[in-house]
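Visitor: Could you walk me through this structure while I have it open?

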Amino acid sequence: MSSPKRSIHVVAGVITDARGRVLLNRRTEHSDLAGLWEFPGGKREPGETSEQALARELHEELGIEADIGEWLMDVPQCYPDKDLVLEVRHVRSWKGTPRGREGQAITWVAPDKLGRYSMPPADLPVVAALREPDRYLITPAPLEDDIDNERWHEQLWRAVDAGHQRIQLRLPADHPQRAQLCESAVRRHRGVSQWLVNRDIELARHLGTGVHLGAEQLTALRERPLPAEQPVAASCHDLQQLQAAQSLGCDFVVLGPVQPTASHPDAAPMGWERFAALRAQVALPIYALGGLGVQDITTARRHGAQGIAAIRGLWPTD
């Protein structure tokens with residue numbers, strides 16, 4: 001009979017210098033996950049607060065007296081021998097010069113280069129949280145009385161002007177102007193850093209955008225459908241789909257519904273506890289979906305999410 005898995009709480013620091021670079025530790029050859037790079041920190045001991053634990057660990061590992069800053073996210077993660085929660089805090093000031101006091105290598109990395117470093121599964125969502133948006137806007141289809149689609153374009157412009165940087169163009173496959181609307185949106189609203197077309201891989205190739213795959217497409221595809229510079233995302237509802245998305249090389253996924261939603265009234269919501277349990281079994285950045293808005297971003301990050309994805313919760317209203 002196998003022993004029960006340990007449950008541990010680890011606190012890690014995103015240590016940022018004046019140039020915006022982030023400090024990474026390399027795990028030593030005698031530790032588990034040896035050779036991988038990680039955000040420095042360690043286990044919270046009984047009776048310690050998170051701030052006390054991280055300050056102690058950073059002194060032991062790096063020889064610095066750190067000023068522990070604001071919370072970033074919690075990442076639940078399942079490993080073969082333990083269930084871990086990685087709590088992540090910002091560290092923007094400290095006394096002393098960081099050095100590897102336990103024989104480990106350290107390095108300073110520009111945020112846009114963090115993806116080049118091999119990391120443990122729990123650290124990968126943290127990289128995404130540092131580099132990518134905490135909200136993913138999904139557009140509705142134009143209303144039937146919006147004959148020239150001007151109202152839809154005006155609302156999309158307001159969304160872009162409000163700072164949305166990751167937008168899925170979700171238009172019905174039978175919409176008579178689907179391709180034209182997607183193309184005009186991409187051409188007219190150039191302030192967006194990342195567009196994704198819903199389901200249509202060929203249209204994404206034509207426009208040079210990303211694609212957001214439906215759950216049923218995950219099992220039909222044998223390899224990533226677009227090159228690395230064009231993002232690939234997917235909708236997931238269970239562990240099998242999450243694992244398929246990870247195997248396919250998706251850059252991120254949405255998972256839900258977390259709460260009841262008007263767009264899928266018959267879908268049973270999974271709730272935050274189930275969301276976190278699924279999140280813990282893959283290393284993908286995951287947006288929580290279903291009845292959520294900006295006010296839920298902190299709760300989402302408490303359960304390991306990148307943030308929230310939404311139509312009604314993010315789309316501008318009149």
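This is a predicted model: local features need pLDDT of at least 70, side-chain atom pairs count only at pLDDT 80 or more; totals for chains, interfaces and linings use all residues.

Guide: Residues are numbered from 1 along each chain as its sequence is written, and side-chain values use heavy atoms, with hydrogens and water left out.

Visitor: Which residues touch the most other members of the largest nonpolar core?

Guide: Val 253 and Phe 275 do, in a core of 49 residues; such a core joins buried Ala, Val, Leu, Ile, Met, Phe, Trp, Tyr and Cys residues through side-chain atoms within 4.5 Å, buried being under 20% relative accessible area with a 1.4 Å probe, protein chains only.

Visitor: And what lies apart from it?

Guide: Another core, of 22 residues, which include Ile 8 and Leu 72.

Visitor: Switching topic, how do helix 3 and helix 4 cross?

Guide: The axes (lines fitted to C-alpha atoms over the stretch in contact) of helix 3, residues 150-161, and helix 4, residues 178-188, come within 11 Å and cross at roughly 40°. Both are DSSP runs of H or I with at least four residues.

Visitor: Which residues meet there?

Guide: Among them, Trp 152 and Leu 156 in helix 3 meet residues of helix 4 that include Leu 181 and Ala 185, where contact means heavy atoms within 4.5 Å.

Visitor: Is Asn 25 buried or exposed?

Guide: Asn 25 is buried, with a relative accessible area of 2%, and its contacts beyond four places in sequence include Trp 37, Leu 62 and Ile 106.

Note on methods: Buried means under 20% relative accessible area, exposed over 50%, partly exposed in between (1.4 Å probe, protein chains only). Axes are lines fitted to C-alpha atoms, for helices over the stretch in contact, and angles run from 0 to 180 degrees between N-to-C directions. Helices (H or I, at least four residues) and strands (E, at least two) are DSSP runs, numbered from the N terminus.
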